Amino acid sequence: MIKLIDVQKEYENGTKALKGVNMTIEDGDFVFLVGPSGSGKSTIIKLITGEVKPSDGRVMVNGYNMGDINHKQIPAMRRTLGVVFQDFRLIQKKTIYDNLTFAMRTVGSRPSTIRRRITYVLNLVGLGDKANQFPDQISGGEQQRVAIARALVNNPSVIIADEPTGNLDPRRSLEIMKLLEEINRLGTTVLVVTHEKDLVNRFDKRVVAIENGRIISDGAGGYYNNER
Ligand SMILES: Nc1ncnc2c1ncn2[C@@H]1O[C@H](COP(=O)(O)OP(=O)(O)OP(=O)(O)O)[C@@H](O)[C@H]1O
Ligand SMILES: [Mg+2]
């Protein structure tokens, strides 16, 4: 479970990015986080991953209190999260398979586990036949699916994706969202940041809308539908 309680975030330069945010994401939820540029979406993601600390309030992630987590606990906490970056961050010199192997070795998985798991996640994202390609030999949408596979490979309880479809055309974007929906159906909690309102409206999911550091609505399909 992820829980933000009265969270404030003021950056070192004095920018107040979050002004009292309350949000709970239960295990198994699928949540879209939407809002204008600069509203605080990535700040929420970074609080959850531990990249930044709250100035006030509490951030709980899968049982860890992010405000006073000790640096030795960070690797164990991070293993509960799979993060998908907008720019993929794949290692260009490694094949798709080796990109995933690398992610699993860093947490100390055994070779037999690695082989089994990689085969499973690559098939799940529809790239079973691309394992031996290098990132620059596959399309942008396929690279995005590799990034999702990599986020999944260590079997996290939560997948967090900040603009996972930012670089993709509408059809590919829809495919990625459907993939995340399928991953959610298989039991992983999913939090997706996106600007793409047409895409959000195609899914009947919870939408948390943030504006200027405050949550302005939270509900099934709420925010974008209110605009009409
Ligand atoms: N490291 C930082 N130092 C100072 N201010 C920051 C920092 N990171 C973000 N901000 C500011 O905090 C506010 C929220 O930024 P954030 O990155 O969370 O927005 P966002 O909703 O993700 O926007 P976008 O849709 O453009 O990615 C903005 O005013 C931004 O300029
Ligand atoms: Mg952002």
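**View 1. Packing of helix α3 against helix α4.** In this predicted model, helix α3 (residues 96–105) and helix α4 (residues 111–124) pack with their axes 10 Å apart and at an angle of about 125°. Axes are lines fitted to C-alpha atoms over the stretch in contact, with angles from 0 to 180 degrees between N-to-C directions. That angle makes α3 oblique to α4, a class left over once angles under 35 degrees (roughly parallel), over 145 (roughly antiparallel) and 65 to 115 (roughly perpendicular) are assigned. Residues in contact (heavy atoms within 4.5 Å) include Tyr97, Leu100 and Met104 of α3 and Ile114, Ile118 and Val121 of α4. Helices are DSSP runs of H or I with at least four residues, and strands are E runs of at least two.

View 2. Val84 lies in strand β6 (residues 81–84). Val84 counts as buried because its relative accessibility is 1%; buried means under 20% relative accessible area, with a 1.4 Å probe and protein chains only. Beyond its neighbours within four places in sequence, the contacts of Val84 include Ala147, Ile148, Ile160 and Pro164. Arg145, 61 residues from Val84 in sequence, is 9.5 Å away, C-alpha to C-alpha.

**View 3. The aromatic cluster.** Phe30, Phe32 and Phe203 form one aromatic cluster. Phe30 and Phe32 are both buried. Their ring centres are 5.2 Å apart and their planes at 70°, so the pair is edge-to-face; rings pair with centres within 6.5 Å, and planes over 60 degrees apart count as edge-to-face.

Residues are numbered from 1 along each chain as its sequence is written. Local features need pLDDT of at least 70, and side-chain atom pairs count only at pLDDT 80 or more.

Methods: Chains are lettered from A and ligands numbered from 1 in the order in which they are written. Side-chain values use heavy atoms; hydrogens and water are left out. Buried means under 20% relative accessible area, exposed over 50%, partly exposed in between (1.4 Å probe, protein chains only). Rings of Phe, Tyr and Trp (its six-membered ring) pair if their centres lie within 6.5 Å; planes under 30 degrees apart count as stacked, over 60 as edge-to-face and the rest as tilted.
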